Amino acid sequence: MRILTAGESHGECLTTIIEGFPRGVRIEQDFINQELKRRMSGAGRGKRMSIEDDKAEIVSGLRNKITLGSPITILVKNKDVKIFSQNKDELPSLPIPRPAHADLSGALKYNDADVRNILERASARETVSRVCAGAIFKQFLLNFDIDIASFTVAVGNVVSDVKPKSISDIKTKIKSSQLNCIDQKKEKLMISEIKKAEAEKDSLGGIAEIRIEGVPPGLGTFMHFDRRLDAKLACYLMSIPAVKAVEVGLGFQYAKSRGSLSHDEIYYSKTKGFYRNTNNSGGIEGGISTGEAIVLRIAMKPIATLRRPLNSVNLISKKAEKAIVIRSDTCAIAACAIIAENMAAVAVAESFLEKFGGDTLSEIKTAYRTYAKNLDNL
Ligand code: EPS
């Protein structure tokens, strides 16, 4: 399985190609569009989101909504097109990098003093393609009752400690939220924090939680470092622009606790099989899913572009100057959570296919059913 994304932030379109996706899976384009709409929403988003109307167009890999097993290609056309592959554009050169963006590291790496050539691909706009891929994998996983949801835990210093009961609890509560939040009281404070930062020409980050239910025990393995499920999830979540930390289950809290207080004890009953009363591991032990809900958290740093710009240096004159100011978001944690859901879908689906993989959905279902039946025999 390979996923390729292509496209510049202000190029003609964003393209996603998925190679190795099984045959026989029903895919609704509307489902992808709903995910894209969720990615565009949330308090704190910038003006670009009112220009674009991200719509996916599946142009290969499907016949009558069913996957053929051939590469799936999805296009999302940009409205705000400024750069062209064949025609010269009128964009001025941008020689002053923003701290915390890819501007300077990219300029050094590619030996290019025009930051425009860096930011076009480094822009978080690329996550449109990630959501397109994830929305395909989410639909695959639903065939096995594996579902994913997320919610905003924190914006800056405003932190919610409300814990969801389940995915359906999250889905019900976020419906009426402007910030993908399950805590109405804290959401108000988070939104006023964003408004305050906006008025002060500043930016904010945040924390989001991702919950995956229905994952059977046995995905991922400790046999190879790169096939551990937690390692794969962490890699895919960390690949989202501005994400600086990923936690699985108790995460950093584990380090402050004792084993006797934090490890999930094991029980057995004839009706439930093996089970736990706690899920501090976040549903993964030994790099393998335990069968409990997978619980992950991501921390996003504040958006790099500030309207009250930070100190920087002109790449050409080498003189101290303030960083470039371009259109941006104030806070994008709600969008980041949706992207994380979709990246998690890709990671789980890859591990799922590693275990139950076949060329067609029906082959995969047979392998899955056989495995599930054998689980009862242990
Ligand atoms: C984004 C599109 C970008 C930014 C934002 C996310 O479009 P533009 O630069 O034209 O406003 O709004 O990207 C960043 C904040 C960033 O730092 O990369 C999008 O579609 O999500």
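How far is an oxygen atom of the ligand from an N or O atom in the side chain of Arg39? The distance is 2.8 Å.

Before the rest, some ground rules. This is a predicted model, where local features need pLDDT of at least 70, side-chain atom pairs count only at pLDDT 80 or more, and totals for chains, interfaces and linings use all residues. Residues are numbered from 1 along each chain as its sequence is written, and side-chain values use heavy atoms, with hydrogens and water left out.

Let's stay with the ligand. There are 13 residues around the ligand. His10, Arg39, Arg48, Arg125 and Arg327 come nearest. Take Arg327: a polar atom of its side chain is 2.6 Å from a ligand oxygen. For Arg45, an N or O atom of the side chain is 3.2 Å from an oxygen atom of the ligand. On its own, the ligand has 470 Å² of accessible area, and the protein covers 92% of that. Those areas come from the Shrake-Rupley method with a 1.4 Å probe; for residues, only the protein chains shown count as cover.

Helices here are DSSP runs of H or I with at least four residues, strands are runs of E with at least two, and both are numbered from the N terminus. Helix 1 runs over residues 29-40, which is 12 residues. At 1.5 Å a residue, helix 1 should span 16 Å, and its end C-alpha atoms are 17 Å apart, which agrees. The expected span is 1.5 Å times one less than the number of residues.

Which residues of helix 1 are buried? They are Phe31, Ile32, Asn33, Glu35, Leu36, Arg39 and Met40. Buried means under 20% relative accessible area, exposed means over 50%, and partly exposed is in between, with a 1.4 Å probe and protein chains only. The buried residues of helix 1 pack against helix 2 (48-51), strand 3 (56-60), strand 6 (72-77), helix 5 and helix 10. Contact means heavy atoms within 4.5 Å. After helix 1 comes Gly42, with a positive phi near 110°.

Lys138 lies in helix 5. Is Lys138 buried or exposed? Lys138 is buried, at a relative accessible area of 7%. Its side chain makes a polar contact of 2.8 Å with the side chain of Glu35. A polar contact is a pair of N or O atoms within 3.5 Å; within protein, one must be able to donate a hydrogen and the other to accept it, and residues adjacent in sequence count only if both atoms are side-chain atoms. Beyond four places in sequence, Lys138 touches Phe31, Glu35, Arg38, Ile148, Glu341, Asn342 and Ala345.

Thr5 also has polar partners. Thr5 sits in strand 1, residues 2-6. At 19% relative accessibility, Thr5 counts as buried. Its side chain has a polar contact of 2.8 Å with that of Arg121, and one of 2.7 Å with that of Glu126. Setting aside neighbours within four places in sequence, the contacts of Thr5 are Thr15, Arg121, Glu126 and Ser129.

Next, helix 11. Its 15 residues, 361-375, should span 21 Å at 1.5 Å a residue, and the end C-alpha atoms are 21 Å apart, which agrees. Leu361, Ile364, Tyr368 and Tyr371 are buried in helix 11. Why do they line one face of the helix? Seen down the axis, the buried residues fall within an arc of 95°, so they line one face. The arc is taken over the directions from the helix axis to the C-beta atoms. An α-helix has 3.6 residues a turn, so residues three or four places apart point the same way. On the other side of helix 11, Ser362, Arg369 and Lys373 are exposed. Cover for the buried residues of helix 11 includes helix 5 (127-142) and helix 10 (333-356).

Last, some loops. Pro241 lies between helix 8 (229-238) and strand 10 (243-248). Pro241 is partly exposed, at 27% relative accessible area. Leaving aside neighbours within four places in sequence, Pro241 is in contact with Ala124, Thr127, Arg130 and Met300.

Lys201 has a positive phi near 55° and is not a glycine. Lys201 sits in the loop between helix 7 (184-199) and strand 9 (206-213). Lys318 is also not a glycine, with a positive phi of about 65°. Its loop joins strand 16 (311-313) and strand 17 (320-322). At 61% relative accessibility, Lys318 counts as exposed.

Methods:
Near = heavy atom within 4 Å.
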